[in-house]
Amino acid sequence: MKNLISLALVLFTLCLFTTVKAQTENSIFDVSNTSLFSNDNEFLKVDDAFVFNFYQNGNKIEINFDIAEGYYLYRHQFKFKSNHAVFSSVALPTGIDHEDEFFGVQKVFTESLAFSIDIEQASANDSLKITYQGCAEKGLCYPPTSKVVQLSEVKLADANEQAVTEAASNAASKSEQHQLSDMLKQESLLLTLIAFFVGGLLLSFTPCVFPMYPILTGIIVGQGEKKTPLTTKKAFTLSFIYVQGMAVTYTLLGIVVALAGAKFQAAFQHPIVLISLSILFIFLALSMFGVFNLALPASWQNKLNNMSNQQKGGSYLGVLTMGVISGLVASPCTTAPLTGALLYISQTGDVTLGASALYALSLGMGLPLLILGSSGGKLLPKAGPWMNIIKNIFGLLLLAVPIFLLERFLPEVASQAMWAALILISASYFYIANQNHATQTPGYKRGFWYGVRSLIIFLMLVFGGNLVYQLVFPNQNSSANHDGHPSFKQVISLSELNAEVATANKQGKTVMVDLYADWCIACKEFEKYTFVDKKVQQALSNTVWLQVDMTEFDSATNTEFVQHFNILGLPSILFFDLQGNELSKQRTTGFMNAEEFSQHVESIF
């Protein structure tokens with residue numbers, strides 16, 4: 001028995017010795033050689049597992065690895081050496097964590113790797129040696145592998161000049177939200193807050209803030225009807241409280257978005273939320289029309305009247321509540337200043353400074369509201385027949401708010417039909433009111449202002465009638481607005497996106513990715529006004545157009561996009577260069593018109 005065991009050990013030793021000897025002669029890591037423990041078809045050759053490419057662009061060497069599925073490169077194993085050329089320290093991407101049985105958690109690269117090396121000085125005969133090492137997930141590790149890159153001549157002066165040019169180009173092409181985010185990192189707090197206040201002031205003239213005007217003016221009208229005259233001081237106080245409610249809500253929601261993710265933006269754009277808010281505004285509009293009066297039980301009214309008399313004011317709590325609701329209406333609108341503050345909060349965790357910037361932004365948005373509300377006591381007429389007309393006017397404006405909310409998920413045909421109906425109904429009402437005023441006012445003579453009102457009513461009827469005509473007989477021009485740009489290729493997963501980017505890069509093309517949602521108004525504005533522009537299409541002539549539908553924001557695939565790219569809100573447009581790198585500093589968040597967008601793209605590509 002001992003002899004059999006001894007014989008078996010001798011045979012095993014001979015086999016092992018023969019295998020080790022063969023592997024030593026041909027490299028134990030060469031998977032193309034057969035051995036007792038390997039299979040020719042199980043592993044790729046090292047050059048097939050890690051496909052290496054490079055090209056020199058001036059003083060930059062662009063390096064690219066296409067990494068096969070199931071393989072990875074170690075970050076810490078990269079080494080760079082040159083015989084005589086001078087180059088800057090290489091900044092590799094961060095990589096992802098990989099649990100290694102013997103070495104613990106290591107940073108590795110999978111799927112693809114792209115980076116650049118800045119050459120400060122090199123002659124025509126110089127070269128750069130790049131050493132790397134990787135493994136297969138099935139258990140095989142390759143030996144360190146080196147590639148030699150032959151360099152073109154780079155003079156020191158040329159390298160400095162190009163570095164300055166690139167720095168200026170990067171500063172110019174950096175998107176507005178990242179410029180604002182960087183501003184928050186500076187020491188000048190006052191300058192930063194002023195900049196965000198001015199940004200909010202500019203935002204006050206955008207469609208997102210539009211619903212607030214009829215809400216606030218409706219409140220002022222309601223207060224003006226009371227027996228106690230509405231003074232300028234009272235009007236200012238009501239407007240200030242309203243703006244504070246809007247600003248605080250907008251700020252708090254912004255912080256929540258920055259800390260918890262953009263899913264809150266989608267939550268406030270959910271059809272159920274939008275329908276609920278629309279019903280509320282219809283309810284308020286009907287009260288303006290006198291269909292019913294909003295009144296509390298008599299016992300409650302007495303208590304509130306006593307409190308009101310003690311405070312020498314009106315229903316401040318109700319005004320504050322309406323300001324909060326208005327903040328909810330405006331909050332889903334993602335803009336560059338808002339995104340800049342959110343980027344700062346998400347990257348630094350400095351909620352105090354980020355919230356201060358958001359609050360300054362909100363106050364800027366509320367300044368025109370404050371001016372309008374404060375002047376309401378003087379501009380609005382005394383109690384009388386005209387007061388009823390003004391009430392009805394603001395009731396009609398309140399009916400515009402539900403259309404503004406519902407068109408975020410309704411088909412365009414339905415929203416246009418509602419706008420046409422509202423315009424025609426408003427014009428009809430104004431026509432009747434104008435005629436009644438002319439015929440029922442003793443001694444009234446139809447003069448200049450009667451003609452002005454009649455002209456405005458006529459234009460409203462023409463505009464509303466044209467909308468109806470376009471709905472019934474759509475012309476070719478309107479369809480061209482929707483189909484006048486290259487079609488987007490839809491991608492539904494991160495892996496599919498990476499594959500499309502790699503394919504485009506092999507064809508020598510850059511990539512633009514539009515993160516779109518049906519509930520995103522600014523996304524639709526990009527479709528209707530920006531992408532159809534010839535300058536934009538020319539700027540993106542060598543770019544592949546991809547689109548990700550983020551309507552179902554909480555789906556598994558969309559959550560993967562949000563987490564991978566740190567998406568704070570929609571619309572977000574991503575750009576990928578010829579090496580497959582996402583240019584995060586140049587991504588666009590919020591609407592940009594065609595002129596701005598084309599200039600932004602040209603500065604990038």
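What span should the 18 residues of helix 9 have at 1.5 Å a residue, and how far apart are its end C-alpha atoms? The legends below, which describe a predicted model, begin with this helix.

**View 1. Helix 9 and the residue that follows.** Helix 9 comprises residues 271-288. Because each residue contributes 1.5 Å, its 18 residues should span 26 Å, and the end C-alpha atoms, 25 Å apart, agree with that expectation. Buried positions in this helix are Leu274, Leu277, Ser278, Phe281, Leu284, Ala285, Ser287 and Met288. Just after the helix, Gly290 adopts a positive phi of about 85°.

View 2. Five strands form an open sheet in the order 12-14-13-15-16, and their pairing is mixed.

View 3. Strand 13 covers residues 510-516 and is mostly covered, with 7 of its 7 residues buried. Thr510, Met512, Asp514 and Tyr516 point one way from the strand. Val511, Val513 and Leu515 point the other way, and these residues are likewise buried.

**View 4. Strand 13 between its two partners.** Strands of a sheet pair through backbone hydrogen bonds, in either a parallel or an antiparallel sense. Strand 13 pairs with strand 14 (residues 543-549) in the parallel sense over 7 bridges. With strand 15 (residues 572-576), strand 13 runs antiparallel, and 5 bridges join the two. Asp514 has a bridge partner in each neighbour: Gln547 in strand 14 and Ile573 in strand 15. Met512 stands opposite Phe575 of strand 15.

**View 5. Confidence along the chain.** The mean pLDDT of the protein is 74, and 68% of its residues reach 70 or more. Among the elements of the protein, strand 14 has the highest mean pLDDT (94), whereas helix 1 (residues 2-26) has the lowest (42). The pLDDT is below 50 over residues 1-40, a stretch that has 20 contacts in the model beyond near neighbours in sequence. Residues 307-314 also have a pLDDT below 50, with 6 contacts beyond near neighbours in sequence.

Methods. Residues are numbered from 1 along each chain as its sequence is written. This is a predicted model: local features need pLDDT of at least 70, side-chain atom pairs count only at pLDDT 80 or more; totals for chains, interfaces and linings use all residues. Side-chain values use heavy atoms; hydrogens and water are left out. Helices (H or I, at least four residues) and strands (E, at least two) are DSSP runs, numbered from the N terminus. The expected span of a helix is 1.5 Å times one less than its number of residues. Buried means under 20% relative accessible area, exposed over 50%, partly exposed in between (1.4 Å probe, protein chains only). Two strands pair if DSSP finds at least two bridges between them. pLDDT is the predictor's confidence in each residue, from 0 to 100. Contact means heavy atoms within 4.5 Å.
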